[in-house]
Amino acid sequence: MAEVTGSPISNQQSFEHGMEEEEKHILGFWIFLASDLVLFACLFATYLVLRTHTDGGPTEAQLFDIPMFTLETFILLTSSFTCGLAVREMRNGHFGRLMGWLAVTVLLGLAFVGIEVNEFITYSLEGATMQRSAFLSGFFTLVGTHGLHVSLGIVWMISVGIQLIRDRIQPTTARKLFNAGLYWHFLDVVWVMIFTVVYLMGVMK
Amino acid sequence: MFNQLVGYLREADPLIQMSAVAIVFTLIGIVAALTYYRKWGWLWREWITTVDHKKIGIMYLICALLMLFRGGVDALLMRTQLAFPGMNFLDAQHYNEIFTTHGTIMILFVAMPLLFAMMNIVVPLQIGARDVAFPFLNAVSFWLFFFGALLFNLSFVLGGSPDAGWVSYPPLAELSHSPGPGINYYVLSLQISGIGSIATGINFIVTILKMRAPGMTLMRMPLFTWSVLASCIVIIFAFPAFTVALALLGLDRIAGTHFFTMQHGGNPMMYVNLFWIWGHPEVYIAILPVYGIFSEVVSTFSRKTIFGYKSMVISLMLISVIGYFVWVHHFFTMGAGPGVNSFFSVASMAVGIPTGVKVFNWLFTMFRGRIRLTLPMLWTLAFIPCFAIGGATGVMLAAAPGDYQFHNSYVVIAHFHQTLIGGAVFGLLAGMYYWWPKMFGFKLNETLGKWAFWFFNIGFYVCFMPQYALGLMGMTRRVYTYPAETGWGTLNFVSTIGAYLMGIGFLFIVVQVLYSIRYGERDTTGDPWDGRTLEWSLPSPVPHYNFAQIPTVHGRDAWWEMKQQRKEDSLFSTKELKPIHMPNNSALPFFMGLAFFVAGFGLVFNQFMIATVGLIGVVVCMLWRSLEKDTGHWISVDEIKQMEAS
């Protein structure tokens, strides 16, 4: 570990970008996101290869429900905005407002996951399971991987929330909230791709 | 599940039953020895819970050498089976399992951990850092590799090994063609260790970019560190493709999806693409750090600055980029058409250009240098002709029309063994010999090492040169026996002799290590080779905080310059020692690896309760770590003075 200037706990002026230790974590997290992006790129490529392989089963146009995926998109984009507000309030040092926006973000995230679970159950009950065709395998895996990421993001934000209540705003918690925010915005970008490539291109056929 | 396993063992090959008994006895022996010498506490405190990058590196090294033994035994079993036409030493199924585990183990559980061993031990020392960027994550990476390898090796005695080749192509690897747990073992063990590899990649990129000593600009960085940076960038962009390929294959087998099946719209070629998007860059992941090792070794033992430093850096980066545009050369015969094949053909050949630049730079470094023929230098010299032949046959294979002839023949086997043994293995052995005194504080015996060198090298050519001829004579890979009328008997017999010579070479290395632990020349100076880079400025073995004072760097080959100018103090500021902050040991990485192992084992046998318990364990470990507050401690000035004086 590199030389740490002073005791790490007492250094309060710098939040997430000041200390060497926190900077390293943020750079590391960016690199992790780059590798996660490659993961999603591979899932997208697989989906695009397999989307026409319906094997006589339901097609995209038959399944996708425009109001539902539009609502999902609206909720997730809004949560990304509220997450940004939470980080902004952290920088301003408003603890109460920070916790408020964090709670709103978590609730919106939960709503998103709820709608997606409902969507998956509806499809499955109609016989469109991931075992039905290669297209459906690709669809459930790509969208499901994103959903799993969102669920993990929710657990993470709750954990960061607990630490904020325990330790208040100081460099370590600030960095953790900042990284969780990066992750959340990243998932938003991936969702915009899913919205375009999976849902819009699907219903346009 | 238990009955299934007992049934499997009862009906298994006697070879497997014997191995199972041997494993049980070895385990009992280890447990008894640890108990008798009261070493459990020492093992737990000093090694299992450690976050020290040097100790983690040594653990990687030990595991890799053990796995090299297993992969080598696999190779000898195969070569014994092929020594004569119509042999009946192994049956077809057993042969399939052995060539699969040989390939998988050698690439993922030998080459990768050996590489991680060198990276872990050397990189922080070369750049003047006290540790890697994320010591805790580093320990997690190691334990994921460890438990991944353990899961993979269990397959041999518990339920059956994977048998679809180290590439595990569907539909051969699908449930329809390969029922039983074998391929599940493959998918899950590689997935677990793969996560660890991605984490290592992130860790070392941040370490190298953020933790260099003052004055060490990027263009003053030692070439080994540069090569590790190049390799880690490739890891970050290649391994996620492997994660996806394995996950989708696993879903096909465990959840009944249809990504790669022959029915319901699956497309096996999609797996082949995903696999090689990782698989080809993977060979550059293995070879790039080896180029770095050669650069250090050639420079040190020629007593000259490396020739063409900048072109070395540029060629490293070029190889890591071009490495992404070559993967289709593994399946020119897929039928992608002349446009696609031409692109990947030209890209594959283009890798030869920066590689050639490097080889000439090493030769020019040696030119008019004061060369010392030590073991690391010998392996480097052996590498050059070996890799030149491997590269030339590589260009042959990269020519798409020619590849239609060579595809899946023994020419391919001979070619990639030549590049991976002549490149990665020779290089990692050179690195091991070079940094051994730094790791353990003594040199390895040179005489025994030279015996190993000659046995291994002569054995290598005797083993693989006949295989080029066999490939051109029409022998395809993965055949477990052949009739005498083919005329392949003589060359196969010669090849088998070569394999055994290499085996003897390996035994000499084992003897060399054991002999040198007792009688090897002790390294009291910390600089046994008259080295050039910062790691040689430290005592051997290195104290756990590495540098009592972070050095200030004024140029390339910082330690060499300092020795030339006899300015002992110029490297270190004359200021007082300061307390050092170091991370605490932690048992969490071990438990996290264990939880992944439980989850993987459950999924191998479709036992979803066990898998769920394991996955919950993983999440609990992560939350525990997230909520942990004080993860470091301070070393006082008095303690540092005591350590430095001793």
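In which loop of chain B is P541(B) found? Select P541(B): the residue is found in the loop between α17 (489-519) and α18 (558-565) of chain B, where helices (H or I, at least four residues) and strands (E, at least two) are DSSP runs numbered from the N terminus. This is a predicted model, in which local features need pLDDT of at least 70, side-chain atom pairs count only at pLDDT 80 or more, and totals for chains, interfaces and linings use all residues. Residues are numbered from 1 along each chain as its sequence is written, chains are lettered from A and ligands numbered from 1 in the order in which they are written, and side-chain values use heavy atoms, with hydrogens and water left out.

**Backbone of chain B**

Display the peptide bond that joins S540(B) and P541(B); this bond is cis, with omega about -15°. Next, select P170(B) and P171(B), which are also joined by a cis peptide bond, with omega about 5°. P171(B) lies in the loop between α6 (135-154) and α7 of chain B. S168(B) is placed in the loop between α6 and α7 as well, and its phi is near 50°, a positive value in a residue other than glycine. In general, most residues other than glycine have a negative phi, and most peptide bonds are trans.

**A nonpolar patch**

Select F307(B), F360(B), L363(B), F364(B) and F367(B), and show the surface. Together they make a nonpolar surface patch of about 520 Å². Patch residues have over 30% relative accessible area and no salt bridge; like charges are joined within 9 Å, and nonpolar side chains (Val, Leu, Ile, Met, Phe, Trp, Tyr) within 5 Å. Accessible areas come from the Shrake-Rupley method with a 1.4 Å probe, and for residues only the protein chains shown count as cover. F367(B) itself sits in the loop between α12 (352-366) and α13 (375-398) of chain B.

**The interface of chains A and B**

Now colour the two chains separately. The contact (heavy atoms within 4.5 Å) takes 40 residues from chain B and 42 residues from chain A. About 3,500 Å² is buried between the chains, 69% of it on carbon and sulfur atoms; buried area is the accessible area (1.4 Å probe) that two parts lose on being put together, summed over both.

Two salt bridges are found across this interface, each a side-chain nitrogen of Lys or Arg within 4 Å of a carboxyl oxygen of Asp or Glu. Select K210(B) and E23(A), which form a salt bridge with their closest N and O atoms 3.2 Å apart. On the side of chain B that touches chain A, the elements giving two or more residues are α7 (182-210), α8 (223-254), α9 (268-302), β1 (580-583) and α20 (608-627). Of these, α8(B) gives the most, with eight residues.

**Chain A**

Select E21(A) and K24(A), whose salt bridge has its closest N and O atoms 3.3 Å apart. Because they are three residues apart in helix α2 (residues 20-50) of chain A, E21(A) and K24(A) are separated by about one helical turn.
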